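Please look over the sequence and the structure shown here before reading on.

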Amino acid sequence: MFCDLPLSCRCGHTRGVAREVSPPAGFRLVCYCTDCQAFAYYLQRPDVLDPSGGTDIFQMPPGRLTFSAGEDALRSLRLSERTKVLRWYTECCRTPIANTAGGARFPVIGLIRSFMGHDLTKDLTKDLAASGYSRDGILGPPRCRIHERSATAPLPPNAPPPASFGFLAHRAGSALGWWTRGLPRPNPFFDERTKAPRAEPRVLTPSERAAL
Ligand SMILES: [Zn+2]
Ligand SMILES: [Zn+2]
């Protein structure tokens, strides 16, 4: 079963929708890397991390995400000159939205759970409560964890398993499939015509990065 997942920053200014979401239509994982943690600290939003410093991410094709309001608050960040990864958030309430590649053509974006709305239960109640659907039901539980050596506390017993080679191979195959089906387009984080990021990325200096 596919469904459309409503998206919203904490204050509700920036909104959107992730379409045709289901567990096999993406890859939900928990990333414990220090860059994801630094992003949360930069935004002064450590509350978006789990108790072990993990970020809950749903990797999906860019073309299935659209914004419906508040795009003026979109901002992007690069943690250093070296890294091309763009980390997107909203200026209004400093909610992490997603991680993307530096260019519009990469077929995968990482949608961050904190953008999946704070009233999600209420939103879901309207459409889906009758079927007992929950966010876990829509996204599926996290399939794996990555970079757990950077976790800030011991992982809970029910933590997802480490990424296996099979998982990585399957994910690469799916990303290729999204690519061939044209799902990178339109990429909502990049101008469709110029391919430039819709918000000029701010690049942290080495000392700013080190302070996080
Ligand atoms: Zn907001
Ligand atoms: Zn990470």
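## Overall form

The model described here is predicted. Its protein chain has five helices and 11 strands. The radius of gyration is 16 Å, close to the 17 Å that the globule rule gives for 212 residues, so the chain is as compact as a globular protein of that length. Along the principal axes, the C-alpha atoms fill a box of roughly 50 × 45 × 35 Å.

Of the 212 residues, 48% are buried. Among contacts between residues at least 6 apart in sequence, 66% join residues at least 24 apart.

## Surface and charge

The accessible surface of the protein chain amounts to about 10,500 Å², and carbon and sulfur atoms account for 55% of that area. The chain carries 28 positive and 19 negative side chains; the centres of these two sets are 4 Å apart.

In soluble globular proteins, nonpolar side chains tend to be buried together. The largest nonpolar core in this model comprises 26 residues, and those with the most contacts inside it are Leu 65, Ile 97, Leu 111 and Phe 189. At least two residues of this core come from each of β1 (3-8), β2 (15-21), β4 (55-60), β5 (65-69), β7 (86-90), β8 (96-100), β9 (109-112) and α3 (135-139). The largest share, three residues, is supplied by β1. Apart from this core lies another, of 21 residues, which includes Leu 29, Cys 31, Leu 77 and Val 108.

Leaving aside residues up to four places away in sequence, Phe 189 touches Leu 65, Phe 67, Trp 88, Ile 97, Ala 98, Thr 100, Ile 109, Ala 196, Pro 197 and Arg 198.

## Backbone features in the loops

Most residues other than glycine have a negative phi, and most peptide bonds are trans. The peptide bond from Arg 185 to Pro 186, however, is cis, with omega near -15 degrees. Pro 186 belongs to the loop between α4 (165-180) and β11 (202-203). Lys 195 also lies in the loop between α4 and β11. Although Lys 195 is not a glycine, its phi is positive, at about 70 degrees. With a relative accessibility of 37%, Lys 195 counts as partly exposed.

Arg 94, likewise not a glycine, has a positive phi of about 55 degrees. Arg 94 is found in the loop between β7 and β8. Its relative accessible area is 25%, and Arg 94 is partly exposed.

Key
Residues numbered from 1 in each chain as written. Chains lettered and ligands numbered in written order. Predicted model: local features only at pLDDT ≥ 70, side-chain atom pairs only at ≥ 80, totals over all residues. Heavy atoms only, no water. Core = buried A, V, L, I, M, F, W, Y, C linked by side-chain atoms within 4.5 Å. Buried < 20%, exposed > 50% of the residue type's maximum accessible area, 1.4 Å probe, protein only. Helix = DSSP H or I, 4+ residues; strand = E, 2+ residues; numbered from the N terminus. Contact = heavy atoms within 4.5 Å. Rg over C-alpha atoms; globule rule 2.2 N^0.38 Å. Areas by Shrake-Rupley, 256 points an atom, 1.4 Å probe, with all protein chains shown as cover. Lys, Arg positive; Asp, Glu negative; His and termini not counted. Charge placed at Lys NZ, Arg CZ, Asp CG, Glu CD.
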